[in-house]
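Have the sequence and the 3D view open side by side.

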Amino acid sequence: VRSAELIVVPTPAFAQVDIARAMAPHVENGQVVFLPPGTFGSVVMAKTLREAGSPARVTFAETGTLPYLARKHGPAEIAITVRAKRLPTGVFPSRDADRALAVIRSAYPSIEPIDDALSAALMNAGPIIHPPLILMNAAPLEHFERWDIHNEGTQPSVRRTTDQLDAERIAIREALGYPPYHFPLRDHYTSDRWMYGDAHDKLTDSGDWREHIALATHRYMREDVEYGLAFLVSVARWAGVEAPIAAGMLAIGSAICSVDFRATSPRTLEALGLAGFRREQMNALLRDGF
């Protein structure tokens, strides 16, 4: 990472702390770290760098999804099915947003500025789309060697549940004063306004998502439920917003894995030491950093 202007970390949320610790001796003032997506990892990685003793002033940013939907076809072949058309991106600390966004835009021109890192974390599509798809398809995922959660697994009952879960995410954003457009996930299925445009049919037609998913260990569970949904539920609690679908999905995922994610997830506001912050304290942190 030495001398790199932009450092892209497109890894699952559960890798971010280890990566930040490994980066700590090497990062330099002025570098920009981009997390697509982040699950509030921009704040977590900045905190980790500080705790590891790094004096560098590094700016972090995160967005709502990956810049590309890709699958490995062989040892030396990657298929990119869809590229993102709109990437809502928040910066931590937000006072450095203009410079950081200019750096990121040179590589990813589809980014769009939004308020701050918490706003960006609440744009993360993974904890909205994946938990209903794996939890409501648990039986076929465990029965069949390969199953396409986006094709046969996306039935009207699943869509209705996803829409209600997404409504909770949007209610949290509204309660915290974040303005629209909230990138509602329904637009992924019904319009070209969403992050990937009108990509759902391309995704299912490719056949690349007919795959083996080990339910209890897959990234969709260990990132999007254990980290993403646990984070969402904790922010709802902090903001005073009812989120019964998110809490219920988190409980079901916990039951499948025999772990209480609400208590053990390292990505809740409680685990991060932020649950006791008042709104003005959180706003100051998001603006000015640690």
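Which element gives the most to the lining of the largest pocket? Strand S4 does, with five residues. Before going further, please note that this is a predicted model, where local features need pLDDT of at least 70, side-chain atom pairs count only at pLDDT 80 or more, and totals for chains, interfaces and linings use all residues. Residues are numbered from 1 along each chain as its sequence is written, and side-chain values use heavy atoms, with hydrogens and water left out.

**The pocket.** The largest pocket has a volume of about 460 Å³. Its lining counts 26 residues, and Thr65, Leu66, Leu69, Tyr196 and Arg219 lie nearest the centre. S4 (68-74), helix H5 (126-135) and helix H10 (219-222) each supply at least two lining residues. A pocket here is an open set of points on a 1 Å grid where a 1.4 Å probe fits, with protein on both sides within 12 Å along at least five of seven lines; lining residues have an atom within 4 Å of a point. Helices (H or I, at least four residues) and strands (E, at least two) are DSSP runs, numbered from the N terminus.

All five residues of S3 (residues 59-63) are buried, meaning under 20% relative accessible area with a 1.4 Å probe, protein chains only. Thr59, Ala61 and Thr63 cover one side, with Phe60 and Glu62 on the other. Strands count as paired if DSSP finds at least two bridges between them.

| Partner of S3 | Sense | Bridges |
|---|---|---|
| S2 (residues 32-35) | parallel | four |
| S6 (residues 87-92) | antiparallel | four |

Val32 has Thr59 as its bridge partner in S3, while Thr63 stands opposite Thr89 in S6.

Eight aromatic pairs are present, counted when ring centres of Phe, Tyr or Trp (its six-membered ring) lie within 6.5 Å, with planes under 30 degrees apart called stacked, over 60 edge-to-face and the rest tilted. The rings of Phe14 and Tyr227 have centres 6.4 Å apart and planes at 70°, so this pair is edge-to-face. Tyr227 is buried at 11% relative accessibility. Phe34, Tyr68 and Tyr108 are linked by ring pairs into a cluster.

The charged end of Arg159 sits over the ring of Tyr189, 4.1 Å from its centre, and that of Arg193 over the ring of Tyr181, 4.0 Å from its centre. For this, CZ of Arg or NZ of Lys must be within 6 Å of the ring centre and within 35 degrees of the ring normal.

How values were computed: Buried < 20%, exposed > 50% of the residue type's maximum accessible area, 1.4 Å probe, protein only. Points joined across faces, edges and corners; volume = space filled by probe spheres on them.
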